[in-house]
Amino acid sequence: MRYKLTFVVGLALGYVIGTRAGRERYEQMKKSAKEFAENPAVRNAAETAAQTGRQAAGKAVHLVGDKVGDHLPSSVTDRVHALRGRGMGNGKVDEEDWGTSNT
């Protein structure tokens, strides 16, 4: 279903861009998308979703480390322990450290 929807959206977008008035319509859609993304309510929702995702990832690191930590290669276990050490004590991982290496 997802692929069908993607195909239909792509087809519609190609049609709109391919028509004579396509460029103007494209610019109009681009402006609408930009206004939508700059809407404070949308930005707040996106930030809330990102923060919730970071919290869930922090909890997942602890859960995975506890459940399968002894069964993982030592390099992975060391990484999980390093991430666990960065935690702030309440399941959250410091936002600035995500995606950085500690070696």
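This is a predicted model: local features need pLDDT of at least 70, side-chain atom pairs count only at pLDDT 80 or more; totals for chains, interfaces and linings use all residues.

Reader: How many salt bridges does the structure hold?
Author: The structure holds 1 salt bridge.

Reader: Which residue forms a salt bridge with Arg 54?
Author: Glu 47 does, and the closest N and O atoms of the two are 3.1 Å apart. In general, side chains of opposite charge can pair when their charged atoms come close.

Reader: Why does Glu 47 count as partly exposed?
Author: Glu 47 counts as partly exposed because its relative accessibility is 44%, and the class lies between 20% and 50%. Arg 54 is partly exposed as well, with a relative accessible area of 23%.

Reader: Turning to the fold, which pattern does the protein chain follow along the sequence?
Author: The pattern is α-α-α-α, with 4 helices and 0 strands.

Reader: What share of the residues is buried?
Author: Of the 103 residues in the protein chain, 12% are buried. The chain exposes about 8,400 Å², and carbon and sulfur atoms supply 59% of that area.

Reader: Where is confidence lowest and highest among the helices?
Author: Helix H4 (residues 74–86) has the lowest confidence, at a mean of 71, and helix H2 (residues 22–38) the highest, at 86. The protein chain averages a pLDDT of 76, and 73% of the residues score at least 70.

Reader: Over which residues does pLDDT stay under 50?
Author: That applies to residues 88–95, for which the model has 12 contacts beyond four places in sequence.

Technical notes. Residues are numbered from 1 along each chain as its sequence is written. Side-chain values use heavy atoms; hydrogens and water are left out. A salt bridge is a side-chain nitrogen of Lys or Arg within 4 Å of a carboxyl oxygen of Asp or Glu. Buried means under 20% relative accessible area, exposed over 50%, partly exposed in between (1.4 Å probe, protein chains only). pLDDT is the predictor's confidence in each residue, from 0 to 100. Helices (H or I, at least four residues) and strands (E, at least two) are DSSP runs, numbered from the N terminus. Contact means heavy atoms within 4.5 Å. Accessible areas come from the Shrake-Rupley method with a 1.4 Å probe; for residues, only the protein chains shown count as cover.
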